[in-house]
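Here are a few notes to read alongside the model. Have it open while you go through them.

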Amino acid sequence: MFSFLSVSSALPSIRQAIATVSVPKGTFGARFRNQIAPRKVKYAKRQKGRIPIPTGGSIRGTTLAYGEYGIRIKAQGVRFTAKQLSTAEEVIKRAIKVVKGAKVYLRVFPDIPVCIKGNETRMGKGKGTFEFWATRVPTGRVIFEIGGVPIREEIAREALRLGAAKLPTTYEFITRKTPPRLGNMLIEPPSLSIPPPTPVTTLEPTQTP
């Protein structure tokens with residue numbers, strides 16, 4: 001049995017241990033080990049926003065950066081949820097398990113909190129409660145890449161096809177040689193056509209009698 005003196009002497013250390021456990025400012029909700037979610041955000045709630053449209057001419061994020069094969073959005077932009085991205089990532093990892101050392105790279109990250117109100121709720125009384133994490137991705141952005149070790153194109157194509165089946169909108173399979181995309185246009189590199197050299201004619205000196 002514990003005496004009252006031992007319990008009272010241990011109370012200051014228990015209070016100190018409880019005081020050291022603090023939640024960072026701006027975080028909320030539960031973040032599990034297998035969940036794709038940011039560790040900390042500046043604002044707990046954000047506006048809905050719109051899917052960006054690449055009108056400025058930037059082609060950043062439309063080509064491969066880490067792997068040898070990947071998929072990118074071919075149709076209209078879409079908003080992905082963390083659950084959709086994690087499900088597609090698990091499917092791709094399961095498909096390339098036969099290749100030892102193969103890795104899956106996720107090029108987008110859900111860092112936008114989405115808040116939802118209940119059905120038949122009157123207007124007002126503030127914004128709804130947090131529901132899930134999401135991200136807005138425009139047309140032409142790369143979503144997943146496969147690399148790490150040399151892998152056959154047939155295996156990568158099938159794995160990415162299974163992963164794309166778990167996501168909305170339409171995708172296209174790309175490699176290192178695929179040109180970047182600006183919206184619905186493919187930016188082809190300019191062809192350097194060098195004209196053939198012109199033959200040089202030499203004039204023979206005329207002999208005078």
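1. Start with the open sheet: three strands in the order β2-β5-β4, paired antiparallel (strands are DSSP E runs of at least two residues, helices H or I runs of at least four, numbered from the N terminus; pairing needs at least two DSSP bridges). β2 (78-81) and β4 (112-116) sit at the edges with a single partner strand each, so one side of each has no neighbour in the sheet. The twist averages 50° from one strand to the next (axes are lines fitted to C-alpha atoms, for helices over the stretch in contact, and angles run from 0 to 180 degrees between N-to-C directions).

2. A housekeeping note: this is a predicted model, where local features need pLDDT of at least 70 and side-chain atom pairs count only at pLDDT 80 or more, while totals for chains, interfaces and linings use all residues. Numbering runs from 1 along each chain as its sequence is written, and side-chain values use heavy atoms, leaving out hydrogens and water.

3. β2 and β5 (residues 129-137) share four antiparallel bridges, and Arg 79 has Arg 136 in β5 as its bridge partner.

4. Now look at Glu 172, in strand β7 (residues 171-175). Glu 172 counts as buried because its relative accessibility is 15% (buried is under 20%, exposed over 50%, partly exposed in between; 1.4 Å probe, protein chains only). Its side chain makes polar contacts with those of Arg 72 at 2.6 Å and Arg 181 at 2.9 Å (N or O pairs within 3.5 Å; within protein, one must be able to donate a hydrogen and the other to accept it, and residues adjacent in sequence count only if both atoms are side-chain atoms).
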